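I opened a new model today and kept notes as I went. These are my entries, in the order I made them.

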Amino acid sequence: MASAASFYDFKPLDKRGQEVPFSDYKGKVVLIVNTASQCGFTPQFAGLEALNKKLKEKHPDDFVILGFPCNQFRNQDPGTDEEIQNFCQVNYGVTFPILKKVDVNGDNAIPLFKWLKDEKPGIMGIKSVKWNFEKFLIGRDGKVAGRWASTTKPEALEKPILDELAKTA
């Protein structure tokens, strides 16, 4: 894997296969979530969208959530990118970007998730994503400011996100 200097070096793909240059997010606080539409944690889409709307009211240009669908955990996101997008909008009113379905672990993991896991290993230094809806917070400086397990509800992230928003890049 080519080593990335920062979060801003990545260009993952959107649902249409177009590159999304993360350099566009310089100076912003970004929450990365690996998602699934048929998981016990799927209702977190509602919490993520509520958090997104609440923080966008006061910080419209400084915060973004990016969802990365993943089918690696018990095939809980088997749909096409279009089907996943539709599901998120129809069932949870999701307005934040849901990018192309990816692998987050293993040989086919996209470079972004390899970097995230290297920068902020999990409990006991484990460098893998354990399940759907694991969350990574990127500060304004492009560094990983936090990592939370699937069991952490989106509303619990408001304070850490606000703390990052209060910092300057």
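**Entry 1, the fold.** I read the elements from the N terminus on, and they run β-α-β-α-α-β-β-α. That makes 4 helices and 4 strands. I took both as DSSP runs numbered from the N terminus: helices are H or I with at least four residues, strands are E with at least two.

The model is predicted, so local features need pLDDT of at least 70 and side-chain atom pairs count only at pLDDT 80 or more, while totals for chains, interfaces and linings use all residues. Residues are numbered from 1 along each chain as its sequence is written, and side-chain values use heavy atoms, with hydrogens and water left out.

I looked up the radius of gyration, taken over C-alpha atoms; the globule rule is 2.2 Å times the number of residues to the power 0.38. For 169 residues a compact globule would be near 15 Å, and the protein agrees with its 15 Å. Along the principal axes, the C-alpha atoms fill a box of roughly 40 × 35 × 35 Å.

I counted a residue as buried under 20% relative accessible area, exposed over 50% and partly exposed in between, using a 1.4 Å probe and protein chains only. Of the 169 residues, 49% are buried.

Which residues of helix 3 (residues 111-119) are buried? I found Leu112, Phe113, Trp115, Leu116 and Lys117. They pack against strand 1, strand 2 (63-69), strand 3 (135-138) and strand 4 (144-148). A contact here means heavy atoms within 4.5 Å.

I checked UniProt, where an unreviewed entry lists Cys39 under "active site". Its positions follow the numbering used here, feature names are shortened, and annotations may be inferred rather than shown by experiment. Cys39 sits in the loop between strand 1 (29-35) and helix 1 (44-58). Is Cys39 buried or exposed? Cys39 is buried, because its relative accessible area is 9%. Leaving aside neighbours within four places in sequence, Cys39 is in contact with Gln76, Trp131 and Asn132.

Most residues other than glycine have a negative phi. Arg74 has a positive phi of about 55° although it is not a glycine. Asn75 is also not a glycine, and its phi is positive, near 50°. I placed Arg74 in the loop between strand 2 and helix 2 (81-92). Asn75 lies in the loop between strand 2 and helix 2. Arg74 counts as exposed at 70% relative accessibility, and Asn75 counts as exposed at 51%.
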